[in-house]
Amino acid sequence: MRITHGIPFEICGGLWLAVFALSFGLTVPAFPQTPPRDALSLADEAARIAAVTTPATDFSRPEPYEARPGGAATGAADRSSFSQPLGNLRREQRLSFRLGEALFDKLWVQAPSSTQASDGLGPLFNARACASCHQGGGRGTVPSGPDEAPLGLVVRLMGPNGGDPVYGRQIQTRAAAGVAPEAHVSITWQPAAPIRLADGTQIPLRKPVLHLSDLAHGPLAPSTSADLRLAPPLIGLGLLEAIGEADIRTRADPADADGDGISGRAQVLGSTGGKPILGRFNWRADRASIAEQNAAALSTDLGLSNPIFPAYSGDCTPEQTRCLAAPDGGSVQHEGLELGQQAFALLRDYTARLAPPARRGLANPDVLRGKRIFYQSGCESCHRAKFVTERLAPDASGAVPPESFQLIWPYSDLLLHDMGEGLAGGDGAREWRTPPLWGIGLTQAVSGAHAFLHDGRAASLLEAILWHGGEAAPARDRVIALPSEDRAALLAFLRSL
Ligand code: HEC
Ligand code: HEC
């Protein structure tokens, strides 16, 4: 019986915790996760889950299992860390992951073409591959000026009926032969009021200004607002999907009944059979599942028809007649779609099973001090450290899914928070979903640059914190007031995630 990956038994504190390690799937191969059989052991399990997910109070040493933010599913931490499979995938699951990766990296071509399996791009599209925006599984980067093309930054359109009546949900900057791209997108940077920290350091801030030119069908409707969205990193999404809804809702407090200044609202996207659908993906938590977001990305970013959004025309609206008349790449062997059911399932496997990386230097005294400051500043109120994922039913082959019943450390509550005027979107809405912070310290290594927040405006972790307002204003002010060594420790902690 091997207990854990490199976590000495002594830290686990004895047999009781060893049993824990087993039941949280920290063994290799995964422990057969038999659910408790009677009410007594169910209550016992609930108590154990509550105990391991309680916010930290002892900052003198790392917590048990903290080194592995994805539980048994954790991956290695290096340059390719955001493109590795979950650490506990079985052989056949690894194979599906690799096939899905090929689809994610594939450069699609326009129809008609001699390679039927790869055609169907457009008529309107932003990129030829998923990987163009989510390079290495990581986040997008931002252009430094108007001459550079935005990579991994898209223009989302919002109007009374969803998107723009003519341009649809998103501006596509590229198009198939015979169809005009919707617009040319560029960005300039506008300085915002710099922030003066308690130790006298001035931190300049900037925000992007969006410019749309060469609009193919004239200006946007007056009621349409346009907003930039950075491609987020894709690690650990299947684990986030495996968090129980009730567990997310327990932290929601829309009217701030407990008076702590932090409200947090669950994003409800409608309902099926009277059961509300909880949104948890994207910067506004406007997608309920990975599959649904993948389908939307295929349709709007690449223009590929798929099982959820079967229209060949993607984001073309009825006003865009040339776009609607363009040839499609549907083929019989893919159920008449450009990306059929089987490929869609493989793509889902890949995007769901990118591993959150192992922590680095978590026992370093500066990192531990930074962790204490993170908690004391109130960051954990939204960037919730720990969850235990639900027990998932065995898959078709009888295997327990790798995301099942893991103690995970995403540093997000997956709720929407009012982040103040400074971060308000083009539509004036100030609410954003707390982004997970796991892996954030590897941003530079994976993406070669730093771009944080929904539109990539923050060029450093400190800038990202200083933009926090609204419910998070008190947390930001505590960071502004920190002595410089404490601020450095907080940043060291974030870099260790
Ligand atoms: C043109 C750039 C671009 C391309 C190409 C692209 N994405 Fe994205 N992706 C984004 C942006 C921007 C977001 C955030 C959208 C939002 O918050 O509204 C996103 C979000 C996501 C998310 C949600 C992540 C999270 O943490 O909530 C998933 C999953 C995803 N994309 C998968 C894909 C897949 C699969 C493809 C290929 C079919 C793809 N993307 C192609 C830009 C892109
Ligand atoms: C009220 C909830 C709340 C509190 C408190 C809070 N945050 Fe955030 N944090 C958010 C939200 C929401 C965003 C995304 C905002 C956006 O993109 O415009 C965010 C974004 C971030 C980001 C950028 C993440 C990314 O992927 O781009 C970092 C880093 C961060 N927060 C760190 C902190 C730290 C450190 C603290 C404590 C000093 C803190 N946050 C306190 C809600 C909160």
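Tutor: H11 and H15 lie roughly perpendicular to each other, and the model in which they do so is a predicted one. Two packed helices are described by the angle between their axes and by the distance between those axes. For helix H11 (residues 365–376) and helix H15 (residues 484–495), the angle is about 100 degrees and the axes are 7 Å apart. Angles of 65 to 115 degrees count as roughly perpendicular, so H11 and H15 are given that description.

The contact can be read from both sides. H11 brings Asp 366, Val 367, Arg 369, Gly 370, Lys 371, Ile 373 and Phe 374. Facing them from H15 are Glu 485, Asp 486, Ala 489, Leu 490, Ala 492, Phe 493 and Leu 494. By class, the contact of H11 with H15 has eight nonpolar, one polar and five charged residues. Among the charged residues of H11 here are Asp 366, Arg 369 and Lys 371, while H15 puts Glu 485 and Asp 486 into the contact.

A second pair to set beside this one is helix H4 (residues 91–105) with H10, whose axes are 7 Å apart at an angle of about 100 degrees. H4 is therefore roughly perpendicular to H10. From H4, the residues in contact are Ser 96, Phe 97, Leu 99, Gly 100, Glu 101, Leu 103 and Phe 104. They meet Ala 343, Leu 346, Leu 347, Asp 349, Tyr 350 and Thr 351 of H10. Eight of the residues in the contact of H4 with H10 are nonpolar, three are polar and two are charged.

H10 also packs against H8. The axes of H8 and H10 come within 10 Å and cross at roughly 115 degrees, which means that H8 is roughly perpendicular to H10. The crossing in which H8 passes H10 is right-handed. On the H8 side the contact consists of Ile 290, Ala 291, Asn 294, Ala 295 and Leu 298. On the H10 side it consists of Phe 344, Leu 347, Arg 348, Thr 351 and Ala 352. Seven nonpolar, two polar and one charged residues make up the contact of H8 with H10. Leu 347 and Thr 351 of H10 take part in the contact with H8 and also in the contact with H4.

The side chain of His 134 has an N or O atom 2.9 Å from a nitrogen atom of ligand 1.

Ligand 2 has 27 residues around it, and Cys 379, Cys 382, His 383, His 454 and His 468 come nearest. An N or O atom in the side chain of Arg 139 is 2.9 Å from an oxygen atom of ligand 2. His 454 has a polar side-chain atom 2.7 Å from an oxygen atom of ligand 2. For His 468, a side-chain N or O atom is 2.8 Å from a nitrogen atom of ligand 2. Strand S12 (431–433), helix H13 (461–466) and helix H14 (473–480) each supply at least two residues of the shell, and the largest share, three residues, comes from H13. By class, the shell around ligand 2 holds 18 nonpolar, six polar and three charged residues.

The peptide bond from Ala 111 to Pro 112 is cis, with omega near -10 degrees. The bond from Gly 122 to Pro 123 is likewise cis, with omega near 10 degrees. In the loop between helix H3 (39–53) and H4 sits Tyr 65, which has a positive phi of about 70 degrees although it is not a glycine.

Note on methods: Residues numbered from 1 in each chain as written. Chains lettered and ligands numbered in written order. Predicted model: local features only at pLDDT ≥ 70, side-chain atom pairs only at ≥ 80, totals over all residues. Heavy atoms only, no water. Polar contact = N/O pair within 3.5 Å; in protein donor to acceptor, adjacent residues only side chain to side chain. Axes fitted to C-alpha atoms, helices over the stretch in contact; angles between N-to-C directions. Helix = DSSP H or I, 4+ residues; strand = E, 2+ residues; numbered from the N terminus. Parallel < 35°, antiparallel > 145°, perpendicular 65-115°, else oblique. Left-handed = near helix turned anticlockwise from the far one by under 90°. Contact = heavy atoms within 4.5 Å. Near = heavy atom within 4 Å.
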